[in-house]
Amino acid sequence: LMWPPPPPVATSPPPPAEKPKTEAVAVVPVDPRVAKLKAALATSVGLSGLVGLGLASPSPAFMQTLSTFTLAGIVGYHTVWGVTPALHSPLMSVTNAISGITAVGGLVLMGGGLVPSTVPQSMAALATLVSAVNIGGGFLVTQRMLNMFKRPTDAPEHNYLFGIPALALLGTYGYSLLHFGPSMGLEDANQAAYLASSLCCIAAITALASQKTSRLGNVLGLTGVSAGLAVTLGMLQPHPDLLAQMLGCLLVGGSVGGYAASRMEVTSLPQMVALFHRALLMVAFDVAVWLVSPRFSPALLTMSLKHQ
């Protein structure tokens, strides 16, 4: 032992590690003409393929359905693309509520008097009832979700004023139905009213892209679905007993859905949306089973609509 201890020996710091040399990657410039040529060739193949698909089409209805599906997919993609991520859950809720328009299929297939008289008619009534549950609960769930983003300092939106165009649409169609329905066909008026209903539903999804217009979108969606159901009733013109059955299914289902949505806790609203979505799948399956059953035929459906 040595005292005092010897001074510490100074050591030089280790040399810095050499950084691996990265070789510069040469960027090959892309010829704009080649890139444009590739895009043009791909477009040519797609357009020519559509014509070839038309030549191989089994029926005109196939191409009409394919055209509608393709255009709807393009519109839906560009409509949903700009939605704010915070509004994805309300968007799913309002689209699920709009999907309750499947009640139209149930209304078309309903029959009997105050109550259904056959098993297919009972299935159609059940489909209408469950779709109405989805409509009434879906829009209320969406409204409750959107209210979570509303601050006390936000200016009032006065979205109730958009009840005016809703009444204008329903009033115009009702007037044409009462005054021109008995003397002339309303096929074109029905299609125009369905178009107005579809535009309201598309505008509803578009309005969900911003928090400023999201609650207005919920109002537009409810307007579109209500108009679609009203036009369906006007097109079918059922006898009073069957009309009472249809309205009963819609009102009871909507009331049940609205009550369930109002009693649900805020933290459980996404689960409620999933529940409504499962109910909607059941409705689609219900209607599809009846349509593909051996007892169904387009001629039978046309005959039933004429008798109604």
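The secondary structure of this protein, a predicted model, comes to 11 helices and zero strands; helices are DSSP runs of H or I with at least four residues, strands are runs of E with at least two, and both are numbered from the N terminus. Residues are numbered from 1 along each chain as its sequence is written. Local features need pLDDT of at least 70, side-chain atom pairs count only at pLDDT 80 or more, totals for chains, interfaces and linings use all residues, and side-chain values use heavy atoms, with hydrogens and water left out.

Of the 308 residues, 31% are buried, that is, under 20% relative accessible area with a 1.4 Å probe and protein chains only, where exposed means over 50% and partly exposed lies in between.

I turn now to one pair of helices. The axes of α5 (residues 119-147) and α9 (residues 240-263) come within 7 Å and cross at roughly 35°; axes are lines fitted to C-alpha atoms over the stretch in contact, and angles run from 0 to 180 degrees between N-to-C directions. In the contact, with heavy atoms within 4.5 Å, residues of α5 including Ala125, Gly136 and Arg144 meet residues of α9 including Cys249, Gly253 and Arg263.

Which side chains meet in a salt bridge? They are those of Arg215 and Glu157, at 2.9 Å from N to O; the rule asks for a side-chain nitrogen of Lys or Arg within 4 Å of a carboxyl oxygen of Asp or Glu. Arg215 lies in helix α8 and Glu157 in the loop between α5 and α6, so the pair ties together parts 58 residues apart in sequence. Arg215 is buried at 6% relative accessibility, whereas Glu157 is partly exposed at 28%.
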